[in-house]
Each structure stands twice: as C-alpha cells, then as structure tokens.
Amino acid sequence: MCPGLCPGQRLIVYPSTGALPAGVDLSVRARVAGGSWRDVPVYGVSVADGTDPAYVPRQSSMAYFDFTGRVEVEVRSRHEIGVARVRPLSYGIRPEVSGNVLRFFLDRPRNISVEVDGNVFDNLQLFAGAPPAAEPDRADSNTIYYGPGVHKVGTVRLTSGKQVYLAGGAVVEGQFLIDHQENVHIGGRGILFQPRSDSGLFRGRHDALKIDYSSNVSIDDIIVIPNTYTVLMGCSRGVQVRDIKSFSAGGNNDGIDVFCCEDVLIDGVFMRNSDDCIAIYGHRWGYYGNTRNIRVVNSTLWADIAHPVLVGTHGDPAHPDTLEDLRFFNIDVLDHHENQVDYQGCISIDAGDSNLVRRVRCEDIRVEDFRKGQLVNLRVMYNKKYNTAPGRGIEDVLFKDVSYNGTHAGLSIITGYDEGRGIRNVVFENLRINGVLVWDRMPGKPAWYKTSDLAGFYVGEHVDGLRFVVTGMGDRGGAGVGDGGGPEAGGRGGPSPGVGGSADWGEKRAFVHPGILLSAADLDHIRAVAGDHRMPEYGSFELLRDNPLASAGYKMKGPFGVISRDGDYSYTKPSFEADFSAAWLNTLMWVATGDSAHARRSLGILEAYADSLRTIPSTNDAPLLAGLEGMKIVNVMEILRYTYKNIPAATTGKINRMIVSVFMPVCKKFYDTPAYTNGNWGPIVTKAWMSAAIYFDDRAMYKKAVDFYCNADDNGTIRNYISGATGQIQESGRDQGHPQLGLGAMATVCQIAWNQGDDLYSALDNRLLRGFEYVAKYNLGFDDVPFATWKDVTGKYCDWTVISTKSRGHFIPVYEMVYNHYVRMEGLEMPYTARVLEKLRPEGYDRDQPGFGTLLYYGTGGTGKMR
C-alpha cells in the first residue's frame with residue numbers, strides 16, 4: 001500500500017500470467033483514497049454469440065481485484081465512448097464518461113458488467129471482492145496449495161478432508177473430482193481453466209468441478225472457465241457454492257447443474273454461460289433420487305444461450321422423482337438469448353420424465369432487457385429429445401417481487417399436459433412489467449381481459465389456481481380505488497372507552513429496556529429455544545436460521561443516499577428492504593446463537609446506511625417506508641444496545657441521527673397531515689414512532705402514539721379500522737392482504753405497549769381479537785361472514801359493496817403474537833385463528849412484519865404484569 005492511505009483502505013491487485021490471453025479493447029485502473037492508480041490485469045475470455053443457430057465464440061474481457069473501503073475504478077477504451085452502463089442496473093452505479101474513459105466508485109464488493117455503447121460482447125466483467133481472511137497453512141498435509149503462476153494438473157481426485165487453495169494470480173489448468181467423499185473445500189482467488197483443446201488432459205467428463213455422492217463440500221470465490229459444465233453435482237448433500245464466477249462459450253457448457261441432491265446453497269455467484277446457468281433436475285445418467293431444499297440467492301445470471309434458471313427437465317419415469325422446496329432469492333438476470341421456443345424462459349419450470357415439481361419460491365428477481373426469449377416458462381411437458389414420459393405436475397409456486405424492464409420479451413407460457421398432469425396454485429405477487437404493477441384488479445384492466453394478457457403470458461389448459469395479487473405492499477390505491485368500512489365509522493376521534501392499563505401512558509414511570517418488540521424475558525426465551533430445540537418454536541428458528549437474510553455473511557445491496565418505494569428512486573426498494581430485513585434477522589440470530597458475527601453484520605448494515613442516507617423523498621409511499629423500515633432499525637438498536645457490548649459510541653450516534661433526521665420526520669408529517677390513506681398506514685407509522693419513543697425515552701412521543709391508536713381521526717385506529725359489531729376490516733372490500741397487513745401492525749403496536757405495562761390489546765372490548773377472527777374465518781373459506789359498506793374517515797374509500805376474494809386464503813405470519821396473548825395469557829377463545837395457525841405454524845419470515853412469531857411469542861408472556 002502507498003503512504004497516506006485512509007485507515008481501512010486497501011487495494012489488492014493480483015499478478016497476471018500468460019495462460020490466458022490479455023484483453024484487447026478495454027484496460028482497467030483502480031485506486032483507493034490517498035493511493036496511486038494501479039493497473040489491473042485484463043484477461044480475454046470466450047463467450048457465446050447465439051444470434052445464429054451455431055455457437056459462435058466471441059471474446060469478452062474479465063478483470064478482478066480485492067479491496068476494502070472505497071475504490072475508484074477507471075475503464076479506458078481504445079475508442080471514443082458514447083454511452084456507458086454498469087450492470088446490474090439495480091446497483092445504481094452511474095459512470096462518468098469523458099472521451100474514451102469512464103470512472104465510477106465502489107464501496108463494497110460487486111460483480112459487475114461494464115458495457116460501452118451497448119456492446120454485450122466487447123464488455124468488461126469486473127469482480128471487485130473483499131480480501132480473503134487468511135490463506136491456509138501450506139504445511140498441512142490436507143492442503144493443496146497453488147500459488148501465483150500456471151499449474152497444469154489434469155484430473156485431480158480429492159479425498160475427504162482435503163482443502164484446495166488457488167491463490168490470487170494462480171491459473172490451474174485441470175479439473176477437480178470429488179466422488180464418495182466428505183468435508184472437502186475448494187477456494188481462493190485464482191482461476192480454474194480448461195483449454196478448449198485439452199489433448200487428453202482430462203479423463204471422463206470434462207466438467208471443471210464434479211461432486212458425486214459426497215457431503216459437506218464447499219466451493220468459494222474462484223473464477224472458472226470450463227470446457228463443459230462449471231459445477232456438476234449428483235446424489236450429494238450439504239454442498240455450498242459461494243461467490244464463484246464463470247464464463248463458457250461452447251455447446252452444453254452449463255453453469256451449475258444439480259441432480260438428485262439435497263441441502264444445496266448457491267450464493268453470490270456470477271454465471272455467464274452458453275447454456276443453462278442454473279439447472280436443477282432429478283435423475284440423469286447414474287444419479288437417482290429426489291431433489292430438495294435447493295437455494296440460489298444473491299446472484300447474477302447471464303445466459304448467452306438457453307436459460308438463466310431451468311428446473312425439472314430430467315427424471316426417472318420408472319421411479320418418479322419429486323423436486324421440492326426450491327428457493328430463488330435476490331437475483332439479477334442480465335441476459336437471455338435463445339432462438340428455440342422450447343428452450344426459452346429466464347425462469348423455466350419444465351416438468352418432464354414423470355417429475356413432480358412443487359413448493360418453488362422465486363423472490364426479488366430483477367430481469368433486465370434480455371435479447372430474446374421469455375420471462376417465464378412453466379410447462380408440464382414431453383420433449384422426446386430429452387424425455388421418455390411427460391411430467392406429473394407443477395404445484396405451489398410463488399413469484400414474489402419479480403420485475404422485468406425491457407421490450408424484447410416474447411410470450412411467456414404457462415400450460416399443463418393433461419387433466420392428470422397439470423399446474424396448480426401459481427401466484428404472482430407484485431409482478432411488475434416495465435414499472436406497471438400487474439394484478440387481478442389492476443386499474444384500467446377491462447373486465448373481460450385475463451390478467452395474464454396484460455402480463456404478456458399465454459395460459460393454456462390444465463392450469464388451476466393461477467393468481468396475480470398485491471399483498472404486503474402498503475396502499476397502492478388512489479381516487480377510484482374503494483375500501484370497505486364498518487357501520488359505526490362515522491365517529492372521528494373522542495375518548496376510547498375500554499382501553500385498559502394506566503391512564504398516564506408512561507408519563508410518570510421509566511421505560512422498560514429492552515422492551516420494544518421483545519422484552520428481556522422474550523430474549524431469554526429465544527436463546528432457550530435455540531438451545532433445547534423445543535417444538536414448535538424450534539421449527540420457526542430453523543426458518544430464521546435458513547433464511548439468506550439471516551446469514552452473517554449477507555452482502556448488502558445498498559446503501560444509498562436516497563431511498564424510496566416509488567418515484568425516481570423506486571429502484572432502491574428491493575435492496576434497502578432486503579438490507580434492513582437482514583439487519584433485523586441477524587439481530588435475532590445474535591440473540592438466539594450468541595454468535596457475535598451476526599451482531600456485527602447488523603451494525604455494519606445500519607452504519608453503512610447512516611454514513612450514506614440523506615433523505616426519504618416526499619413520494620406517496622414515504623410514510624410506509626419510514627414505518628416499515630424504521631421499525632426494524634429501532635428494534636435492532638434497542639436489542640443490541642442491551643445485549644451486545646462492543647458498539648462504538650460513534651456508531652450509535654450516527655445511527656441515532658439517521659433515525660431522528662431521516663425516518664421520524666416522515667412519520668411526523670404523516671401524523672400532522674389530515675387523514676388521506678387506507679387504514680393499514682396508521683399502525684405502520686405508529687409502530688415505528690412508538691418504537692423510537694421507547695428507544696429514546698421520549699414520553700411525549702409515546703403518548704402521541706397511544707393517542708393516535710386510540711383516538712385519531714384516521715382510518716388506522718382501533719375504532720375506525722375494525723367494526724365493533726362484526727370484526728369487519730376497513731379494507732375487507734379491497735383485498736385480503738391489506739387487512740392482514742394492518743392487523744399485524746396493530747398487533748405489533750399492542751405488543752410494544754404491553755411490554756411497557758400498557759394494555760392496548762383490550763381496547764374497545766378486545767376489538768383487535770374480533771378483527772383477527774373475522775379475517776381468519778373468511779380466509780379459511782367460510783362465506784357466512786357479514787359485510788356492510790360504510791363511509792370511511794376520508795370519504796374516499798366507500799365504494800366496495802362486497803367482500804373481496806382477492807388473495808383470499810393467502811396467510812401472512814401475523815397470527816401467533818395475538819393468539820399467544822388473547823388465548824394463552826388471557827384465556828379467551830380464537831377458534832378460527834387457531835385453525836389458521838394449524839396451517840401456518842411454524843411462522844416464518846415476512847418483510848413487513850416482525851415474522852417468526854412461533855419463535856418469538858409461542859408460550860411467552862412479555863412482561864406479563866400491568867402497571
């Protein structure tokens with residue numbers, strides 16, 4: 001490093017070798033603050049041009065370095081630059097261009113594509129990583145170490161307990177085979193390379209990394225340039241592939257293929273392949289058995305030919321396979337180009353060979369303007385080229401927060417095979433096509449149109465339970481979007497009889513700490529559950545533990561200087577929601593496990609935002625953002641302040657300033673503005689405001705929150721949101737997602753107050769209980785719930801005359817908290833809520849609610865004592 005560097009700044013550039021050609025069109029330099037520019041080696045890599053039917057190799061460029069702190073990157077072209085872009089676009093990196101030079105900054109590890117004048121071949125793939133923690137002990141007999149330079153190793157068969165390390169600057173020509181072994185690790189910063197003409201270098205299949213009948217195998221960080229597949233795994237369990245990067249240019253040059261495996265994690269990969277990037281199958285070749293619990297998260301996929309994601313083609317008709325519990329989360333799809341209609345689809349679930357594919361969740365998927373293909377392809381199929389029988393079916397698939405921005409998507413296809421081999425229960429939640437939210441009651445949709453028509457989907461025969469919904473997104477309405485109400489909704493304010501607890505609402509007593517969402521007793525309960533595996537709470541802990549957002553290795557998508565759910569900065573929404581959720585979930589993991597890495601991850605996320613975030617613009621959804629995310633931030637800090645002793649005062653100060661100067665003003669503006677929203681907004685803002693009041697020991701803020709919940713002239717109060725006569729919700733005529741969103745927020749407000757010794761649960765004769773039972777009963781399928789049209793507080797949401805069926809039966813995890821209070825603690829009855837919990841327990845994650853209610857509240861009692 002050079003003298004004068006800022007503390008914590010570091011740049012590592014690895015030496016080049018002659019094993020790979022040098023890049024031609026683009027050169028790279030980088031520097032950290034206070035440092036000099038350093039040249040970064042650029043390598044030529046082959047990718048595929050599938051414009052013609054044949055594979056045509058084209059040369060692209062690749063470079064890599066590691067850094068800490070903030071780094072400036074300069075890319076220089078041999079030609080004048082007209083326009084430039086850095087992808088994924090979701091990162092929000094906007095380069096400055098001058099002549100033939102472009103520059104931009106990075107403040108965290110990123111895998112990106114730098115493209116000049118729209119050229120996707122003569123582009124630069126740049127991998128800017130975090131420095132490795134430490135190299136392994138080279139003297140260890142179980143370590144195979146490859147230092148900088150070229151190593152022609154051929155086929156290397158690894159045995160149990162072996163560790164392979166490719167140092168930065170190493171190019172290893174060969175392949176690694178792991179067959180009937182366990183506890184094998186491959187990692188480092190080097191390149192695993194397979195020349196196109198191998199001259200007998202390899203034996204058998206030429207896959208760069210092959211894992212057969214093995215367990216507990218991990219592959220981290222390396223760059224792979226294969227001759228066939230990058231990673232092939234079969235009949236293996238406990239495989240983790242993290243942060244690898246791959247390029248391929250020939251036929252059948254897949255990325256990562258999974259056959260008959262269980263418990264596989266693919267995290268943070270960058271795959272640019274000339275065939276399927278990620279393929280998940282049942283039986284093929286010598287592999288037999290089911291495939292389950294496969295997670296692909298935090299990754300970037302680029303299919304020059306074929307699919308970014310393909311599931312289900314191959315199986316075993318003689319002994320049918322089931323592919324289940326598949327999760328795809330936080331993925332950017334940069335390209336998809338496929339001429340054959342049968343092989344199109346950025347996300348393809350094509351059940352063949354008697355496969356049954358079920359319980360698939362695709363969430364936070366951002367698809368950019370690919371060159372040719374389909375957004376999704378869901379088929380129960382019989383392709384005689386690859387199948388000997390049709391598939392059995394596809395069922396229970398959720399596409400949540402999937403977006404496509406572009407003009408090249410062909411007609412997506414969803415179709416079954418016959419009456420017995422169909423597709424059931426596919427839900428698109430918050431699907432956005434070129435910024436337009438596509439759902440079954442979207443404004444302007446003619447009643448005779450299918451929603452799929454507006455999504456650009458062809459829906460064939462034997463498809464049941466296909467829905468397009470919006471849930472958990474806050475108010476997307478406006479003029480002309482009506483809401484139901486309660487018969488007594490004419491009252492606007494005044495005292496609220498029936499509210500229990502002390503009348504002074506904490507004005508004469510100290511606040512209880514920790515005591516916002518979770519009391520000290522609750523924290524002890526979480527630790528006990530994680531330790532003694534008691535059920536059903538431990539099942540909820542397992543859902544927390546396995547959530548990628550709860551990983552101490554979670555990689556931030558932000559931070560940003562401006563965040564917004566809508567408007568010019570709406571592109572930040574999936575990223576900041578994931579980041580703040582990760583801070584919350586890592587805090588819960590810290591409480592449960594005592595692993596300080598989780599506490600550090602939570603603090604690191606919040607501190608990064610505190611250093612960057614300047615404002616939440618005054619868009620329509622600003623109060624929802626401040627309420628939903630502010631709630632998480634404050635509760636993270638409350639728990640860490642009283643359980644984690646290593647927080648620098650400067651860090652706490654920065655985060656506190658962010659809460660006070662960025663989030664709370666938005667909440668205050670909502671309170672100070674006459675009522676204008678549906679009722680879920682009020683308790684969402686109030687749960688954040690009340691949390692901050694306790695965290696900052698501000699009694700006036702706390703009283704304001706309680707007064708709003710009980711008495712405000714707003715749809716979001718206990719009086720105006722729930723009918724005292726029937727339990728009907730103000731938004732019951734709108735859909736079934738928003739009532740649950742609002743009830744969950746109200747329950748959270750009541751639980752926070754309960755932990756401070758104040759009983760809002762009992763307000764208006766336990767009216768919150770009545771609301772939960774109404775929603776539970778209707779969504780369980782009972783059609784005899786009463787419904788009446790009323791005039792809401794604003795007078796805008798009054799035109800729903802029937803209860804809505806939209807998103808009916810889709811439950812979110814908000815029930816355990818209230819059931820624990822009203823039934824277990826108070827001895828009241830909630831029969832319909834109990835039936836919901838039979839379906840829902842153990843409760844898992846929801847980004848707009850605390851989530852994991854079975855872990856947090858099953859059998860707990862908060863403070864359990866009223867003052």
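## Ile 414 and its surroundings

Setting aside neighbours within four places in sequence, Ile 414 contacts Leu 378, Ile 423, Phe 428, Phe 457, Tyr 458, Val 459, Gly 460, Val 463 and Leu 466. The model is predicted. Ile 414 sits in strand β35, which covers residues 412-415. Its relative accessible area is 0%, so Ile 414 is buried.

One distance places Ile 414 against another part of the chain. Ala 688 is 274 residues from Ile 414 in sequence. In space, the two C-alpha atoms are 41 Å apart.

## Thr 451 in helix α1

Helix α1 spans residues 451-455, and Thr 451 belongs to it. Is Thr 451 buried or exposed? Thr 451 has a relative accessible area of 8%, so it is buried.

The side chain of Thr 451 has a polar partner. It makes a polar contact with the side chain of Asp 440, at 2.7 Å. Beyond four places in sequence, Thr 451 touches Val 438, Trp 439, Asp 440, Lys 445 and Phe 468.

## Helices α2 and α3

Helix α2 runs over residues 520-532 and helix α3 over residues 537-546. They pack at an angle of about 90 degrees, with axes 9 Å apart. Because of that angle, α2 is roughly perpendicular to α3.

From α2, the contact uses His 525, Val 529 and Ala 530. From α3, it uses Glu 537, Tyr 538 and Phe 541. By class, this contact has four nonpolar residues, one polar and one charged.

## Helices α6 and α7

Helix α6 (residues 622-643) packs with helix α7 (residues 649-672) at an angle of about 150 degrees. Their axes lie 9 Å apart. The crossing of α6 past α7 is left-handed.

On the α6 side, the contact residues are Ala 622, Pro 623, Leu 625, Ala 626, Gly 627, Glu 629, Gly 630, Ile 633, Val 634 and Met 637. They meet Thr 652, Ile 655, Met 658, Ile 659, Phe 663, Val 666, Cys 667 and Phe 670 in α7. By class, the contact of α6 with α7 has 14 nonpolar residues, three polar and one charged.

## Ser 732 in a loop

Where is Ser 732? Ser 732 lies in the loop between α10 (718-721) and α11 (737-755). Its relative accessibility is 0%, so Ser 732 counts as buried.

With neighbours within four places in sequence left aside, Ser 732 is in contact with Pro 739, Tyr 774, Phe 787, Ile 803 and Ser 804.

Methods. Residues numbered from 1 in each chain as written. Predicted model: local features only at pLDDT ≥ 70, side-chain atom pairs only at ≥ 80, totals over all residues. Heavy atoms only, no water. Axes fitted to C-alpha atoms, helices over the stretch in contact; angles between N-to-C directions. Helix = DSSP H or I, 4+ residues; strand = E, 2+ residues; numbered from the N terminus. Left-handed = near helix turned anticlockwise from the far one by under 90°. Contact = heavy atoms within 4.5 Å. Nonpolar A, V, L, I, M, F, W, Y, C, P; charged D, E, K, R; others polar. Buried < 20%, exposed > 50% of the residue type's maximum accessible area, 1.4 Å probe, protein only. Polar contact = N/O pair within 3.5 Å; in protein donor to acceptor, adjacent residues only side chain to side chain. Parallel < 35°, antiparallel > 145°, perpendicular 65-115°, else oblique.
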